[in-house]
Amino acid sequence: MPVYPSLTRALAEALVDVLWFIEGSEDEQVDPDDAVKVLEGIAHLVSKLSSDQWDELIDLLGTMAESEADPARREFLEGFPEGFGLIGDAVA
C-alpha cells in the first residue's frame, strides 16, 4: 500500500518539505539568494494553478495540517495558503 493516497498528495508533501527546510535554514546552510530564487520559482508555479488546482492544494494543506504532530510545522502548513497567495488579497 502506498504511503500517500495520490501523486498530488505526495508532491504537496515534497513541496512543503522543501519550503519547510528553506524556512528553517540559516544563511550558512542555504545561500539567501538561492533561497529567494527557489521561493520565487515556487510562488510563480503556484500562481499558474487553476482555481480547481488551488482549491485542491488548499484542501490538501488543511488535511496535512490537521494530521501534523509538530506544532511549528502545523502552523507553517496553516499559514501556507495565505503566505503563497492561494487565499487572501493576492488571489484575483
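In this predicted model, Arg-73 forms a salt bridge with Asp-17, and the closest N and O atoms of the pair are 2.5 Å apart; a salt bridge is taken here as a side-chain nitrogen of Lys or Arg within 4 Å of a carboxyl oxygen of Asp or Glu. Arg-73 lies in helix H4 and Asp-17 in helix H1, so the pair ties together parts that are 56 residues apart in sequence. Helices are DSSP runs (H or I, at least four residues), numbered from the N terminus. Residues are numbered from 1 along each chain as its sequence is written. Because the model is predicted, local features need pLDDT of at least 70 and side-chain atom pairs count only at pLDDT 80 or more, while totals for chains, interfaces and linings use all residues, and side-chain values use heavy atoms, with hydrogens and water left out.

The two partners differ in their accessibility class, where buried means under 20% relative accessible area, exposed over 50% and partly exposed in between (1.4 Å probe, protein chains only). Arg-73 counts as buried at 11% relative accessibility, whereas Asp-17, with a relative accessible area of 37%, is partly exposed. Arg-73 also forms a salt bridge with Glu-68, for which the closest N and O atoms are 3.3 Å apart, and Glu-68 is itself buried at 19% relative accessibility.

Arg-9 and Glu-13 both lie in helix H1 (residues 7-24), four residues apart, which is about one turn of the helix. Arg-9 is buried, with a relative accessible area of 13%, and Glu-13 likewise counts as buried at 12% relative accessibility.

H1 and H4 pack at an angle of about 110 degrees, with their axes 11 Å apart; axes are lines fitted to C-alpha atoms, for helices over the stretch in contact, and angles run from 0 to 180 degrees between N-to-C directions. That angle makes H1 roughly perpendicular to H4, on a scale in which angles under 35 degrees count as roughly parallel, over 145 as roughly antiparallel, 65 to 115 as roughly perpendicular and the rest as oblique. The residues that make the contact include Asp-17 and Trp-20 of H1 and Arg-73, Phe-76 and Phe-80 of H4, contact meaning heavy atoms within 4.5 Å.

H1 also packs with helix H3 (residues 51-67), at an angle of about 70 degrees and with the axes 10 Å apart, which makes H1 roughly perpendicular to H3. Among the residues making this contact are Arg-9 and Glu-13 of H1, together with Leu-57, Leu-60 and Met-64 of H3.

A search of the whole structure finds two aromatic pairs, and Phe-76 and Phe-80 form one that is edge-to-face, at 6.3 Å centre to centre with 75 degrees between the planes. Rings of Phe, Tyr and Trp (its six-membered ring) pair if their centres lie within 6.5 Å, and planes under 30 degrees apart count as stacked, over 60 as edge-to-face and the rest as tilted. Phe-76 and Phe-80 both lie in helix H4 (residues 71-83), four residues apart, and both are buried. Trp-20, Phe-76 and Phe-80 form one aromatic cluster.

How values were computed
Helices (H or I, at least four residues) and strands (E, at least two) are DSSP runs, numbered from the N terminus.
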